[in-house]
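Keep the model open as you read.

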Amino acid sequence: MTTLVRPDELAIPYNKPQVPYMSPDLVHPGVLNEWLTDDKLWVPVTKTVSFKPLLLNTTAGYYINLLRVRQSGVLSRHRHSGGVHALVLKGRWYYLEHDWIAEEGSFAFEPPGETHTLFVPEDVEEMITWFHVQGGYTYVDPEGIAVGYEDVFTKLEMARNHYKEIGLDADYIKSIIR
């Protein structure tokens, strides 16, 4: 026998308490407009590469951020320890190892274990991509020898240092950590 589930059409909120010790909701208004133009919140990695953390989940080992690149060429060669989801908001990029191009409005999934070299084409003045990174990256040379790494904890440290330097109090960084 099949049971049909009817949608609850009554505009009545849930009456019971939420699960104890659950993290609070996190909502950032204006992520696709005001956040893109507020330069002080972009955490510099190099003179032409920066990121804006949206969520740094230290208990689950992932982060979600906006990545901005303002220079063409190779950004990095890296291997993923977890899956990565990407949504291109502006510009385009691709991996030297693949024949697809991630352009504005594109979604990409990168599986754990994937190693590739991110390249921004010469005619792209600015690339901005939303990334959800599970686990971290190991930066490698062309032969796969590890030369560095990045994860939620290195992102947290870079963001904490930058926000302290520009005068934001510790509560700002705490607001994006879960």
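Arg-68 sits in strand β3; strands here are DSSP runs of E with at least two residues, numbered from the N terminus. A quick word on the model: it is predicted, so local features need pLDDT of at least 70 and side-chain atom pairs count only at pLDDT 80 or more, while totals for chains, interfaces and linings use all residues. Residues are numbered from 1 along each chain as its sequence is written, and side-chain values use heavy atoms, leaving out hydrogens and water.

Is Arg-68 buried or exposed? It counts as buried because its relative accessibility is 7%, and buried means under 20% relative accessible area, with exposed over 50% and partly exposed in between (1.4 Å probe, protein chains only). Leaving aside neighbours within four places in sequence, Arg-68 is in contact (heavy atoms within 4.5 Å) with residues including Leu-36, Asp-39, Trp-42, Glu-126 and Met-127.

Met-127 leads us on to the largest nonpolar core, which has 39 residues; Met-127 is one of those touching the most other members, and so are Leu-56, Tyr-163 and Ile-173. Such a core is a set of buried Ala, Val, Leu, Ile, Met, Phe, Trp, Tyr and Cys residues joined through side-chain atoms within 4.5 Å. Strand β3 (residues 62-69) gives the largest share of this core, 6 residues. Not counting residues up to four places away in sequence, Ile-173 touches Leu-56, Leu-156, Ala-159, Arg-160 and Tyr-163.

Phe-109 is in strand β8 (residues 107-110), and it counts as partly exposed because its relative accessibility is 45%.

Note on methods: Helices (H or I, at least four residues) and strands (E, at least two) are DSSP runs, numbered from the N terminus.
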